[in-house]
Amino acid sequence: MDYHKPSTFEEAVAIAAGAAGTTRFLAGGTDILVQMRSGIATPEVLIDIKGIAGTRDIVREDDGGWCIGVAVTGAELTEHAEIGHDWPGVIEAVGLIGSTQVQGRATPVGNLCNASPAADSVPALVAAGAEVTVQGPEGTRRVPVEDIPTGPGRTSLKKGEVVTALRLPPRGRGGGDAYQRFIPRTEMDIAVIGCGVSLRVSGLVITEARMALGAVAPTVEPVRGAADALVGTRLEKSALDALADLAQAACNPIDDKRGTVKFRTHLAGVYARRVARIAYERARAAQ
Amino acid sequence: MTKIHVTARINGDEVEFLCDPRETMLDVLRDRLGLIGAKEGCGTGDCGACSITLDGRLVCSCLMLGVEAEGREIGTVEGIAEGENLHPLQRKFIEHAALQCGFCTPGILVAAKNLLERNPDPSEEEVRYWLAGNLCRCTGYDKIIRAVLDAAAEMREAS
Amino acid sequence: MALDEYRPQEGDEAYEGPREFRQVGTRPDRPDGFDKVTGRARFGADMYAPGMLHAAILRSPHAHARIVRLDTSKAEALEGVKAVVTRADFSKNVIFAPGTVGEFWNILENIMAGEKALYDGHAVAAVAATTPLIARDALKLIEVEYEILPHVTDVDEAMKPGAPVIREGAADRSVPEGMHPNVVRYHESGHGDVEAGFAEADLVIEDHFTTEATHQGYIEPHACLGTLGADGKGELWCCTQGHWYVQKVCAALLDLETANLRVTASEIGGGFGGKTTVFIEPVALALSRKAGRPVKLVMSRAEVFRATGPTASASMDIRIGMKKDGTITAAQGTFRLQGGAFPGAPMEFTAMCAFACYDLRHVRQVGYDVMTNRPKQAAYRAPGSPMAAFAVESVIDELCNRLGLDPIEVRLKNAAREGTKASYGPTYPRIGLVETLEAARAHPHYAAPLKPGQGRGISCGFWFNYGGETSVSLALSEDGSAQVMVGTPDIGGSRASMALMAAEVLGIPYENIRVTVADTGSLGYNEISHGSRVTYASGLATIKAARDAVRKLRQRAADKWGIDVEAVDWVDGCAVPSGPNAGDFDPLPLAEITKTMGATGGPISGHFEATPEGAGVSFATHIVDAEVDRETGKTRVVRYTVVQDAGKAIHPTYVEGQFQGGAAQGIGWALNEEYIYGEDGRLQNPGFLDYRIPVASDLPMIDTVIVEVPNPGHPFGVRGVGETSICPPLAAIANAVSNAAGVRLRDLPMRPSRILDELEKQRDDA
């Protein structure tokens, strides 16, 4: 295995584009090192991007949104004074990834690019409408986070392409988001199901709504129809019922060691209600 | 196989080593530097027995490559006591019998010390969640939690 | 005269009556604490030797497969590889025999496959190389051609006609005619006429229960460092609960003279029964013999789960009859346990423990030991007993609920006492079950109000405890300090309890005693640290060895004073003239005697070797409060109290630690821990990510009550405490869940989806 530590993204892209054999980018390393130790995958080329200027920064942009460097860890995000005020759901989702030790290394961009359907940060990021910037041999593009994973362990990134930053939109007035997951223990498990919801309210009435579910399909996707079910409502029981039905209908999970199709589908409904209520309270308080 | 030269600071001392890029920091600490306090319980970040600090941040040394230590500051269990004086956490772990086999103890001490540096007055729940990544199979955690809370109280009084 | 006065009791193991202890029962710091909080303590993987090689093992990815071809030549040719071994490199003199008679053959077959791979993870070959990375790379170069065979991993499936046969001829003579060849041992016991008993009952409940295999889950993977020369002499360092046993097995599997292999036990990072056997040590030694260099072999966590012994899984039928007043009229149980691809599932312990808590006129139990394509089971804390307690105590709880009776009162009414004929045969001497039930009833926990959604569960548990072959030596130094050499690895603070007992007898400070776990070359044979035997048996031997030294100390004083040794007492660490000579001489402290021992007859030591047989049985009663989330099926343990009879707590803090640790493991077993096999027979969760042991945030504080009903078979009254604590939690939690949510869980673990399914059935029924 060749180890590279470039100082610019241009250099990183050039190494990746010219590499022969399996290439991986190294940020927190909490997934790739596990794969190496388990003998699942040992890349031939490993490109450590933590030496690139700006990758450790959390910056508020002119429009009020946030630009998060690709090497920013979970712990740095949860400790940040302001970003959690804007996006509490995203930050609580990031904070659920692994142990304290894993939080010290793991990055949300790594969580996204690892492309696990159960990644905790991804449903919250999708609900928030987050995007990433991607740099490659053919230039730079902005991509909604939901377009990065294409299946378990697979992404839409092409050879030589690297994510250079994560962007959260400006939160604005009356916005609130939340994320919860179900795990059998209190910590240290992979989500059996995860649910992120982001809402905007005007007074008591919901004006915008997005929801995404984790671990119920090959990739995390926005639940279509969430806005139709919630916008214009005050999150009355009928709205919650409709949302829970949508969540369950959106499920296309598998039976595996962490949960059955039946169990996951049931939980999707339970968590859609639970998480929407929290997001709603947060949105109301943010007016 | 080409090895990479790395310079780092461990428990305050500058160290240099050569390592294969595939070697983890845990492999380097144990097999190259003779620091056997960090243990491999799983090698996949699930047990916390290999906990160290990296520039003051708690991490699993099994989830970090040796080459990533270049220019960084690392703390291990061997650096917790000051000379012959045990850290209050170490004393309280012995006093409360917060260890039975002692295998998870180095990692738990590194993690608990890191917690108390950030939060000198944690609640029981905060200690439990902070240490959720440090598995102990012997104690049921009861005496570990009591030892950490007691050490925190003593350290607050002393400061 | 002080109560620690010497009274001649040579060879006597009997309880010596109540006394005031000076050291026993105090809570000093453990002698090895400093090393263990500073990172200095050396565990299995912490030893290094000059010229050392690193080994790795190739394992079968198939549950059941014939090894058609095994070609190691490419691995051997890899730069840095120094040796490759396969089954051909082990003894040909270890003979197959049915049942557990051929245990050495079973161990050999388990640590290195012969003609067939019998489970996912079964070792096929091993490599030693100059670095761990080269060793792992070399494994990929070993070519194995497998003919995949049908497999079975479930105990009930494995007993059915047509199930794949793991190994013909493995059954011993106990098995009735007509059983499937996978049934390899059979047990039945009991007394009375159960059908007559059931006829007397007002309510009979019969139910079926299952428990999945769980792993001991010690955090330290198996590790060893072995050196073996072509001269047949070797050194082995390893983490084990019993290094004499390792010595014996390695010698047999490698055709060595036992005494030529010296085994040193490292500090041990947890065992709980899982390190009572041998997995990698003979492999490291075989590689070392071939390579001519020391070989270190450390298992990965995945290897620990795939290839070391979990406990057996169980399928059980229980039938219990009760009168309206709570009297149990009869009890019957059938226990089917699978222990992997080898005989040895502890079904007779399951059967014998099942009803051991109760005074029963009519009781009958049957056990089946069944083979499947899973790793060879190993002992796990009270092997066989927790699953029995789960099934039996669940049925008793259900009977109490349906008859409207208090669960503690019913247990008290039926509790076994001194003189009760135990369900497994013997008549109990003095035992402490009633005392634990009374202490539980009096505990504030039992009367505390519950919140909505919470339920309280009670369960009792039983374990035999054990004595076993034991040797201890104690040597006095000139300055009056003492070294105690024991042969039982210190799994959880036993050095402290040994030092306390030695200090008590010698009458010197605890700090002046150093306890060493001796290697096999430095002490007589010691059985494994198992069966909760260490504080009982090594403790008894330590007391006896110290008394042997005291006898010699008294003799030196008698010689000095010119009086008879019988006229010298030992009081508070001093020789004191007694009887007609009382007051004639000043007391002579131990250090005064040892200062001149070289000139007065030579070094003074004490020894004791025996097989003590008076390990007192131990009982516990647990109280647990659990809360069930009816929407998700998730259970949270909110309060837990362990009440257990310790006989006499030598170091109460470490006794509490055993109680708490057993309870925590039981909580894991009850709620989340399980071996999950796929359709392909491969283990799906070989890591701590998906083999979910409790983490710190899962558990409440675990309250403890130490009951002390002295063991008639130990001078100080000690009973083993390590194992009983894992027996009650499974049923206690099931009973709490039943009382919280109104659903009865009959299958472990009580994972959320199972509870949800039961809640769904409950709604459908309503």
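The legends below describe close-up views of a predicted model.

**View 1. The side of chain C that touches chain B.**
In this predicted model, 42 residues of chain C are in contact with 44 residues of chain B. On the chain C side, two elements give two or more residues each: α1, which spans 33-38, and α18, which spans 652-671. Of the elements on this side, α18(C) gives the most, with 7 residues. By residue type, the side of chain C that touches chain B holds 20 nonpolar, 15 polar and 7 charged residues.

**View 2. An open sheet of 3 strands in chain C.**
The strands of this sheet follow the order β4-β2-β6, and their pairing is antiparallel. The edge strands are β4 (116-117) and β6 (143-148) of chain C, and each of them pairs on one side only. Strand β2 of chain C, residues 65-71, runs antiparallel to β6(C) and is joined to β6(C) by 6 bridges. Within this pairing, C:L70 stands opposite C:V144 of β6(C).

**View 3. Helices α5 and α8 of chain A.**
Two packed helices are described by the angle between their axes and the distance between the axes. Helix α5 of chain A covers residues 88-95 and helix α8 of chain A covers residues 121-128; their axes come within 8 Å and cross at roughly 165°. Angles over 145 degrees count as roughly antiparallel, and α5(A) and α8(A) are therefore roughly antiparallel to each other. The crossing of α5(A) past α8(A) is left-handed. On α5(A), the contact is made by A:G89, A:V90, A:A93 and A:V94, and on α8(A) by A:S121, A:P123, A:A124, A:L125, A:A127 and A:A128. The residues of this contact between α5(A) and α8(A) comprise 8 nonpolar, 2 polar and no charged.

**View 4. Helices α12 and α13 of chain C.**
The axes of helix α12 (residues 407-414) and helix α13 (residues 433-442), both of chain C, come within 10 Å and cross at roughly 160°. This angle makes α12(C) roughly antiparallel to α13(C). As α12(C) passes α13(C), the crossing is left-handed. From α12(C), the residues that make the contact are C:I408, C:R411 and C:L412; from α13(C), they are C:V434, C:L437, C:A440 and C:R441. The contact of α12(C) with α13(C) has 5 nonpolar, no polar and 2 charged residues.

Technical notes: Residues are numbered from 1 along each chain as its sequence is written. Chains are lettered from A and ligands numbered from 1 in the order in which they are written. This is a predicted model: local features need pLDDT of at least 70, side-chain atom pairs count only at pLDDT 80 or more; totals for chains, interfaces and linings use all residues. Two residues are in contact if their C-beta atoms, placed from the backbone, lie within 7 Å. Helices (H or I, at least four residues) and strands (E, at least two) are DSSP runs, numbered from the N terminus. Ala, Val, Leu, Ile, Met, Phe, Trp, Tyr, Cys and Pro count as nonpolar, Asp, Glu, Lys and Arg as charged, and the others, Gly among them, as polar. Two strands pair if DSSP finds at least two bridges between them. Axes are lines fitted to C-alpha atoms, for helices over the stretch in contact, and angles run from 0 to 180 degrees between N-to-C directions. Angles under 35 degrees count as roughly parallel, over 145 as roughly antiparallel, 65 to 115 as roughly perpendicular and the rest as oblique. A crossing is left-handed if the near helix is turned anticlockwise from the far one by less than a right angle, and right-handed if clockwise.
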